[in-house]
Amino acid sequence: MCVYVCENSFIAVQIPLSNRDLSSLNTMTTTLCNKMGLIPKQKRIRVMIMGQPGVGKTALLVRFVTKKFIGDYDPNLEKMYTYQVSMESEMVTFEILDTAGYAVQDKSYNLEMNMRWADVFVLVYSITDKCSFDDCSRIKFLINYYKKKRRLSTKDHPFEVPVILVGNKVDQQYDRMVTYAEGRKRCQELGCVAFHEISVREDVDQAYAVFKEVFTSWKALSKNPKLKRSSSDHGAEAFFNSASKFISWPLVFGESACGSPSNRSEDTQEFRARASTEGHIRSSVAVCRYLPSLSARGSICSYLKK
Ligand SMILES: Nc1nc2c(ncn2[C@@H]2O[C@H](COP(=O)(O)OP(=O)(O)OP(=O)(O)O)[C@@H](O)[C@H]2O)c(=O)[nH]1
C-alpha cells in the first residue's frame, strides 16, 4: 500500500511493494511522525544493578521483567536487558545492566565505563549477609567518585547520583543479620535516594516498587537540565552499543548470551547454596525515602577512612 498525502486529504493507492520498500516507508513514516511530534519521545533509563555475589541482583531484575522467581542463574554472566513497560501512563524502556557480583572486585573490569553509562543505580545487599551490607558503602563511594567527577554541581544544583539501596531476602527472617533500622540509617548516611526492604522470592510487587523508584528518581534527575548526561557519558553509551551486549526480553535462561564464565570462589558457592533456602514472609512492605544531603556525603568519607 502506498499512501499519497495531499493538502487536506489522504488518497490510498494499492501497488505491490517489496519488503525493502516497506521497511523504508516505515522508517520514513516514523521520522515524519517524530518531526510532527506525533510520537512521544522514548524514555530510556539506564540502570546498573550492583552488590556482592549471591544477594539476588539477577533474581530482582528477572522478577521485575518476567514476574517470575527463578531459583538459580549462571552467577558469572554479566548481562544487559532491555525491557519496555508502562509506568505512570508513560512508556519507559529500561536498559538494565546486571553486574556479576565478583566483577566489582576484579581490577580488569571496566567499572568506570559501566558506571558512567548508567543513570540510576540499584545497590543490593542481603539482610542475611552483613558483609554484603558493609560492602554497599564501598560501592556507593565508587559510584560517587566516577559519576561526580564528570558533573558540574553548583550550590543551587548539587549533583546527587540516584542510588536506591535494597535489602533483599526478608523472607529469611531467622537468618537476619542486618535490621531494618540499620538499613535505613545506612541509606541516610550514604545519601541514597530511597531504601527498600524486599523479598524478591516472595513478592513481585516489591520488586516492581524498586524499579518504580528508579523511574521516579530518573524523572527528578532529568527535570534538571544542568545534570543531564555529559558528552563523555555518551561516549560510554557508544561503547556499550558497539559491544552489542543487549538482550531484549524474552531471554532463554541458561543461555550464555554474553561473556564467559570464570571461576568462582568456594565461599561464594557456599553462600549461594545457603541463599536459596526456605524462609518466612514479612507481611508489610518496608520502604522509606530520603532526600540526599551534603552532610550525608561527609559521613561516607569518614566511614570509608576507618
Ligand atoms: N530466600 C531467598 N532467596 C533469594 C531471594 N532472591 C534471590 N535468592 C536466591 O539467592 C541466590 C543468588 O541469587 P542471584 O540472583 O543469582 O544473585 P546475584 O546477586 O545475581 O549473584 P551474582 O550473579 O553472583 O552476583 C539464588 O539461589 C536465588 O534463588 C530472596 O528474596 N529470598
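Tutor: Of the 306 residues in the chain, 32% are buried, that is, have 20 or more other C-beta atoms within 10 Å of their own, whereas exposed residues have 12 or fewer and partly exposed ones lie in between, with C-beta atoms placed from the backbone. This is a predicted model, in which local features need pLDDT of at least 70 and side-chain atom pairs count only at pLDDT 80 or more, while totals for chains, interfaces and linings use all residues. Residues are numbered from 1 along each chain as its sequence is written.

Student: How many helices and strands are there in the chain?

Tutor: Helices (H or I, at least four residues) and strands (E, at least two) are DSSP runs, numbered from the N terminus. The chain has nine helices and 10 strands.

Student: Which residues have the most contacts inside the largest nonpolar core?

Tutor: A nonpolar core is a set of buried Ala, Val, Leu, Ile, Met, Phe, Trp, Tyr and Cys residues joined through C-beta atoms within 7 Å. Here the largest has 51 residues, and V47, I49, F121, V122, L123, I164 and L165 have the most contacts inside it. Strand β6 (residues 120-126) gives the most to this core, with six residues.

Student: What does V122 touch, not counting residues up to four places away in sequence?

Tutor: Two residues are in contact if their C-beta atoms, placed from the backbone, lie within 7 Å. On that basis V122 touches V47, I49, I164, V166, V210 and V214.

Student: Which residues of α6 are buried?

Tutor: The buried residues of α6 (residues 204-222) are Q206, A207, V210, F211, E213, V214, S217 and W218. Seen down the helix axis, they fall within an arc of 145°, so they line one face of α6; the arc is that of the directions from the helix axis to the C-beta atoms. Their cover includes β3 (43-51), α2 (57-66), β5 (90-98), β6, β7 (163-168) and β8 (194-197).

Student: At what angle do α2 and α6 pack?

Tutor: Axes are lines fitted to C-alpha atoms, for helices over the stretch in contact, and angles run from 0 to 180 degrees between N-to-C directions. For α2 and α6 the angle is about 95°, with the axes 9 Å apart. That makes α2 roughly perpendicular to α6, a term for angles of 65 to 115 degrees. At this meeting, L60, R63 and F64 in α2 contact V204, A207, Y208, V210 and F211 in α6.

Conventions
The expected span of a helix is 1.5 Å times one less than its number of residues. Angles under 35 degrees count as roughly parallel, over 145 as roughly antiparallel, 65 to 115 as roughly perpendicular and the rest as oblique.
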